[in-house]
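Please keep the sequence and the 3D view at hand while reading.

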Amino acid sequence: YVNSNDALEVAVIVDDRGVRAFCTSSPVSRRVLLECIDMPHNPHTIRNCDAPSDVPSDQWRIGTLLCLVRSTQNNTIANKNEMEWFMYRAREEFPEVVAKNEVEQFSSTDDLVHDVFAAKLLTESIRNYYAQQMLEPSVRGFLGVLEKQFAQSNLYLFELLQNAVDDGATVVTFSLQQQQQQQQQQGAALVVSHNGRTFTPLDVLGLSSVGLSTKSSGKQRTIGFMGVGFKAVYKRFSRVSIDDGTYSFRYEKPSSGSIHYGWVMQP
């Protein structure tokens, strides 16, 4: 987002329960912050999300919000690499500096936002981040190795089944569904569903990552070691859609111009 004076950088701080706080490059009003993340006003919209559009949570619009600020316009932070906590109090438009103990008290509550809008915001943030990371030689090299990781194209069946069982599923179904595009048959798609737990922000990050192992409450994530296990599905399919009622996105191989296996990191 660019205002009349300078560019504003915004990041989202999440844990396994949802959005914990925002992080900005300078203090801004609540209105400016929400305009930055509001999809209809943001040119970087969700391209691969099929869920209906939503609006920011009431908590973000009128409730209490935490924001970690990298630098301030009034130079209260001498070192631009230092951070300072600000808080938007309920129904207040402008934030104020808060003490660490108040931040800890607010963070200990369970009142975190994890809805459709937050899911879209998180998914888009991950996609934009890895669009830049794929340009790094080390990441491109790892993705090149990943292409050769799975010798058999049917290993994904075992990976998906194991993930479902690890996530507490008691029923797992595999079915074929005919696909149509522009009134033309596009062949059958494999649909895998189960009644296990839904996705968390760290799940989505793990699905889109390589060389990253995320944990929840001391327990290993169920997406496979360092996010590689799930990616066996890309050996067989060039389009993978994911939907749990809150998150709805897909990974799709571009027709041309792809960098090695980089599309598997961009939901």
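Which side chain does Asp167 meet in a salt bridge?

## Basis of the report

The model is predicted, so local features require pLDDT of at least 70 and side-chain atom pairs count only at pLDDT 80 or more, while totals for chains, interfaces and linings use all residues. Residues are numbered from 1 along each chain as its sequence is written, and side-chain values use heavy atoms, leaving out hydrogens and water.

## Salt bridges

The side chain of Asp167 meets that of Arg197 in a salt bridge, at 3.5 Å from N to O. This pair links distant parts of the chain, 30 residues apart: Asp167 is in the loop between α6 and β6 (172–181), and Arg197 is in the loop between β7 (184–194) and α7 (201–207). A salt bridge here is a side-chain nitrogen of Lys or Arg within 4 Å of a carboxyl oxygen of Asp or Glu. Asp167 counts as buried at 17% relative accessibility, and Arg197 is partly exposed at 35%. Buried means under 20% relative accessible area, exposed over 50%, and partly exposed in between (1.4 Å probe, protein chains only).

The structure holds 10 salt bridges. Among them, a network links Asp15, Arg17 and Arg20. Asp15 meets Arg17 at 3.6 Å, N to O, and its closest N and O atoms with Arg20 are 2.5 Å apart. Asp15 is buried, with 18% relative accessibility, whereas Arg17 is partly exposed at 33% and Arg20 is partly exposed at 21%.

Helices (H or I, at least four residues) and strands (E, at least two) are DSSP runs numbered from the N terminus. In α6, the residues Tyr156, Leu160, Asn163 and Ala164 are buried. They lie on the same side of α6, because they cover an arc of only 100° around the axis, taken from the directions from the helix axis to the C-beta atoms.

A nonpolar patch on the surface consists of Leu155, Leu157, Phe158, Leu161, Val165, Phe174 and Val192. Its largest share, 5 residues, comes from helix α6 (residues 155–166). Patches join residues with over 30% relative accessible area and no salt bridge: like charges within 9 Å, nonpolar side chains (Val, Leu, Ile, Met, Phe, Trp, Tyr) within 5 Å.

## The sheet

Two strands pair if DSSP finds at least two bridges between them. Strands β2 (residues 18–24) and β3 (residues 65–69) run parallel and are joined by 3 bridges.

Methods: Accessible areas come from the Shrake-Rupley method with a 1.4 Å probe; for residues, only the protein chains shown count as cover.
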